[in-house]
Amino acid sequence: MTRRVTEYAAEVTVSDGQWFASLGGVVVRNRRLVLLWLRRQALRLANGHGLPLAAEPVRLSTDDVRPVHFHGSDAPEELRRWATHSAHQDHAIRALEAGFPALFTVLDPAVGLSLTLAGWRGSPADR
């Protein structure tokens with residue numbers, strides 16, 4: 001009996017409605033690691049625009065996304081809320097378990113910037 005290996009991918013993107021850019025992404029072996037990476041990126045972006053965070057219990061051998069300068073406190077607060085509230089995390093892991101992507105988008109209305117955290121089953125090409 002062969003065991004099927006499933007990979008998961010995650011990416012953080014930014015857009016202003018006209019252009020779209022990736023701030024970074026990762027491929028990992030399971031959905032929990034996708035969620036861990038997305039939470040880490042949300043907190044990094046919210047808590048200091050790229051400043052290092054304290055050590056985490058699970059170390060991923062992946063790079064962090066590039067920082068973003070927000071022009072107000074709404075987007076960082078929404079990122080922090082998504083990353084720290086269990087209901088949001090439960091919803092994201094259930095979506096991944098069901099084979100759907102986990103998506104979360106925040107807006108920086110001062111400059112019309114949207115930032116999206118996305119995780120899905122498959123490779124980055126499956127996005």
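**Figure 1. Contacts and overall make-up of the chain.** In this predicted model, residues 24 or more positions apart account for 57% of the contacts with a separation of 6 or more. The chain holds three helices and four strands, and from the N terminus on these elements follow the order β-β-α-α-α-β-β. Of its 127 residues, 42% count as buried. The accessible surface of the chain is about 7600 Å², and 53% of that area belongs to carbon and sulfur atoms.

**Figure 2. The buried face of helix H2.** Helix H2 spans residues 74-84, and its buried residues are Ala 75, Pro 76, Leu 79, Trp 82 and Ala 83. These buried residues line one face of the helix, because they fall within an arc of 125° when H2 is seen down its axis.

**Figure 3. Packing of helix H1 against helix H2.** Two packed helices are described by the angle between their axes and the distance between the axes. For H1 and H2, the axes come within 8 Å and cross at roughly 150°. An angle over 145 degrees counts as roughly antiparallel, so H1 is roughly antiparallel to H2. The crossing in which H1 passes H2 is left-handed. On the H1 side, the residues that meet H2 are Leu 35, Leu 38, Arg 39, Ala 42, Leu 43, Leu 45 and Ala 46. On the H2 side, the residues they meet are Pro 76, Leu 79, Arg 80, Trp 82, Ala 83 and Thr 84. Pro 76, Leu 79, Trp 82 and Ala 83 are among the buried residues of H2.

**Figure 4. Packing of helix H2 against helix H3.** The axes of H2 and H3 come within 5 Å and cross at roughly 70°. Angles of 65 to 115 degrees count as roughly perpendicular, so H2 is roughly perpendicular to H3. H2 makes this contact through Arg 81, Trp 82, Ala 83 and Thr 84. The H3 residues in the contact are Ser 86, His 88, Gln 89 and Ala 92. Trp 82, Ala 83 and Thr 84 of H2 also meet residues of H1.

**Figure 5. Packing of helix H1 against helix H3.** H1 and H3 pack at an angle of about 140°, and their axes are 10 Å apart. This angle makes H1 oblique to H3. H1 passes H3 in a right-handed crossing. From H1, the contact is made by Arg 31, Arg 32, Val 34, Leu 35 and Arg 39. From H3, it is made by Gln 89, Ala 92, Ile 93, Leu 96 and Glu 97. Leu 35 and Arg 39 of H1 also take part in the contact with H2.

Figure 6. Arg 39 lies in helix H1 and is partly exposed, with a relative accessible area of 29%. Leaving aside neighbours within four places in sequence, Arg 39 is in contact with Trp 82, Ala 83 and Gln 89. Arg 39 and Leu 79 are 40 residues apart in sequence, and their C-alpha atoms are 8.6 Å apart in space. Gln 89 is placed in helix H3. Gln 89 counts as buried because its relative accessible area is 10%. With neighbours within four places in sequence again left aside, the contacts of Gln 89 are Leu 35, Arg 39, Trp 82 and Ala 83.

Figure 7. Phe 70 and Val 111 are 41 residues apart in sequence, and the distance between them is 8.7 Å, C-alpha to C-alpha.

Figure 8. Ser 114 is found in strand S4, which covers residues 113-121. The relative accessibility of Ser 114 is 19%, and buried means under 20%, so Ser 114 counts as buried. Not counting residues up to four places away in sequence, Ser 114 touches Thr 13, Val 14 and Ser 15, and also Thr 105, Val 106 and Leu 107.

Conventions:
Residues are numbered from 1 along each chain as its sequence is written. This is a predicted model: local features need pLDDT of at least 70, side-chain atom pairs count only at pLDDT 80 or more; totals for chains, interfaces and linings use all residues. Side-chain values use heavy atoms; hydrogens and water are left out. Helices (H or I, at least four residues) and strands (E, at least two) are DSSP runs, numbered from the N terminus. Buried means under 20% relative accessible area, exposed over 50%, partly exposed in between (1.4 Å probe, protein chains only). Contact means heavy atoms within 4.5 Å. Accessible areas come from the Shrake-Rupley method with a 1.4 Å probe; for residues, only the protein chains shown count as cover. The arc is that of the directions from the helix axis to the C-beta atoms. Axes are lines fitted to C-alpha atoms, for helices over the stretch in contact, and angles run from 0 to 180 degrees between N-to-C directions. Angles under 35 degrees count as roughly parallel, over 145 as roughly antiparallel, 65 to 115 as roughly perpendicular and the rest as oblique. A crossing is left-handed if the near helix is turned anticlockwise from the far one by less than a right angle, and right-handed if clockwise.
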